[in-house]
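Biologist: Could you take me slowly through a protein model, giving the general idea of each feature before the case itself?

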Amino acid sequence: PDLARPRPTSPHLPRPPQVLFKAHPVPFAAFQPAAFRAIRRSCGVSDAALLEALAALDDSGGLQGGASGAFLFPSLDGSLVVKTLSAAEAGLLAQHAPQYATYFAEQPSSLINRFLGCYKMTLYAHTFHFAVLSSVFAPALGAKPSVCYDLKGSWVDRLVKRPGAPT
């Protein structure tokens, strides 16, 4: 099977793959739905909770994610983040999804960030690929990190200063 191609239906969503957006049908497809459902189940995120969080995204425009040009849209409750992907990134994530799901089944206490779904939709003749991730800063974790680092790319200006800390 071609793992880089999404399935034409989305069995993990309680609605057909065509969703309405301002009265226009929007083709929507899920990549590797069974693998990502297993990951969601391993961390206690139900299909209903996923849909509820996605229905309440922070629509303030998103945060641009560095040199990749990706956009990040947090859910209003802070539990999830939607990240745009290139088609190649979505294909690679889909290709590795079954092994990724197996890892979390074997390592349920892992602190590695969990991708909860990988999707594509076509809106006004433009195809968008995106992933839904659990937020490492989610309030459910019970504590805020004291220091954050961006471990990708350059070392220049990568330390995030604590609010109120001396400069």
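**Reading the model**

Modeller: Ala35 is buried, since its relative accessible area is 10%, where buried means under 20% relative accessible area, exposed means over 50% and partly exposed lies in between, with a 1.4 Å probe and protein chains only. This is a predicted model, in which local features need pLDDT of at least 70 and side-chain atom pairs count only at pLDDT 80 or more, while totals for chains, interfaces and linings use all residues. Residues are numbered from 1 along each chain as its sequence is written, and side-chain values use heavy atoms, with hydrogens and water left out.

Biologist: Where does Ala35 lie, and which residues is Ala35 in contact with beyond its neighbours within four places in sequence?

Modeller: A contact means heavy atoms within 4.5 Å. Ala35 lies in helix 1, residues 33–42, and, leaving aside neighbours within four places in sequence, Ala35 is in contact with Ala97, Pro98 and Ala101. From C-alpha to C-alpha, Ala35 and Pro98 are 5.2 Å apart in space, although 63 residues separate them in sequence.

Biologist: How many helices and strands are there in the chain?

Modeller: Helices (H or I, at least four residues) and strands (E, at least two) are DSSP runs, numbered from the N terminus. The chain has 3 helices and 9 strands, and along the sequence they follow the pattern β-β-α-α-β-β-β-α-β-β-β-β. Of its 167 residues, 28% count as buried, and among contacts between residues at least 6 apart in sequence, 50% join residues at least 24 apart.

Biologist: Which strands does strand 5 join by bridges?

Modeller: Two strands pair if DSSP finds at least two bridges between them. Strand 4 (residues 70–74) and strand 5 (residues 80–85) run antiparallel and are joined by 3 bridges, with Phe73 standing opposite Val82 in strand 5. The hairpin of strand 4 and strand 5 has 5 residues between the strands, and there Gly78 takes a positive phi near 80°. Strand 5 is also joined by 6 bridges to strand 7 (residues 126–134), again antiparallel, and the bridge partner of Val81 in strand 7 is Leu133.

Biologist: How should I read aromatic pairs, and how many does a search of the whole structure find?

Modeller: A pair of aromatic rings is described by the distance of the centres and the angle of the planes. Rings of Phe, Tyr and Trp (its six-membered ring) pair if their centres lie within 6.5 Å, and planes under 30 degrees apart count as stacked, over 60 as edge-to-face and the rest as tilted. A search of the whole structure finds 7 aromatic pairs. Phe28 and Phe130 form a tilted pair, 6.2 Å centre to centre with 50° between the planes, and this pair links Phe28 in strand 2 (residues 24–31) to Phe130 in strand 7, 102 residues apart. Phe28 is buried at 14% relative accessible area, and Phe130 is buried at 13%. Tyr119 and Phe130 form a tilted pair too, 5.5 Å centre to centre with 35° between the planes. Tyr119 is buried, with a relative accessible area of 2%.
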